[in-house]
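This briefing goes through one protein chain, topic by topic. Keep the sequence and the 3D view open while reading.

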Amino acid sequence: MTSYPLEASFLILAWFEHGVGHNTIKKIFTMGIKNPWHSVKQPVYHNHSECNTGNNIEKENWRSGTGGKRLCDECKDWARK
Ligand SMILES: [Zn+2]
């Protein structure tokens with residue numbers, strides 16, 4: 001069983017619930033591919049697994065993809081680290 005960063009566990013659950021397969025999730029973590037996601041309640045999308053805002057999206061508001069929104073500032077900061 002692959003272990004994932006603890007902070008990303010909620011995000012992974014959301015991915016599972018939205019039909020993202022285990023292999024895809026594994027690929028995201030091992031290859032660093034970022035699948036964007038967003039909340040219907042926020043004006044931004046997220047693409048970094050350590051983004052607090054991105055990981056605190058309520059399940060019912062969670063959607064995959066960018067939603068045509070701009071990238072979240074916190075995710076931008078993570079990308080620079
Ligand atoms: Zn973010």
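The model is predicted, and its pLDDT averages 82 over the chain. A score of at least 70 is reached by 80% of the residues. Among the elements, the mean pLDDT is lowest in helix α2 (residues 22-31), at 69, and highest in strand β4, at 96.

**Overall layout**

- The chain contains four helices and four strands.
- Read from the N terminus, the order of these elements is α-α-β-β-α-β-β-α.
- The chain has 81 residues, and 19% of them are buried.
- Of the contacts with a separation of 6 or more, 55% are between residues 24 or more positions apart.

**The sheet**

- Four strands form an open sheet in the order β3-β1-β2-β4, and the pairing is mixed.
- Strands β3 (62-64) and β4 (70-71) are the edge strands, each pairing on one side only.
- In general, the strands of a sheet pair through backbone hydrogen bonds, and they can run parallel or antiparallel.
- Strand β2 (residues 44-46) and β4 run parallel and are joined by two bridges.
- On the β4 side, L71 is the bridge partner of Y45.

**The nonpolar core**

- Seven residues make up the largest nonpolar core: W37, Y45, C51, I57, W62, C72 and C75.
- Apart from residues up to four places away in sequence, I57 touches S39 and W62. Of these two, W62 is listed in the core along with I57.

**Loop residues**

- T66 is found in the loop between β3 and β4.
- T66 has 15 other C-beta atoms within 10 Å, so it counts as partly exposed.
- T66 and W37 are 29 residues apart along the chain, yet their C-alpha atoms are separated by 5.7 Å.
- Beyond its neighbours within four places in sequence, T66 makes contact with P36, H38 and Y45. Y45 also belongs to the largest nonpolar core.
- E50 sits in the loop between β2 and α3 (52-55).
- E50 is partly exposed because it has 15 C-beta neighbours inside 10 Å.
- Between E50 and E74 there are 24 residues of sequence separation, and the C-alpha to C-alpha distance is 9.1 Å.
- V40 belongs to the loop between β1 (37-39) and β2.
- Is V40 buried or exposed? V40 has 11 C-beta neighbours inside 10 Å, and a residue with 12 or fewer counts as exposed, so V40 is exposed.
- V40 and N61 are 21 residues apart in sequence, with 5.3 Å between their C-alpha atoms.
- Setting aside neighbours within four places in sequence, V40 is in contact with N61 and R63.

- K76 is part of helix α4 (residues 73-80).
- K76 has 14 C-beta neighbours inside 10 Å and therefore counts as partly exposed.
- K76 and H46 are 30 residues apart in sequence, and their C-alpha atoms are 8.8 Å apart in space.
- H46 falls within strand β2 (residues 44-46), the strand that two bridges join to β4.

Note on methods:
Residues numbered from 1 in each chain as written. Predicted model: local features only at pLDDT ≥ 70, side-chain atom pairs only at ≥ 80, totals over all residues. Buried ≥ 20, exposed ≤ 12 C-beta atoms within 10 Å, placed from the backbone. Contact = placed C-beta atoms within 7 Å. Pairing = 2+ DSSP bridges. pLDDT = per-residue confidence, 0-100. Core = buried A, V, L, I, M, F, W, Y, C linked by C-beta atoms within 7 Å.
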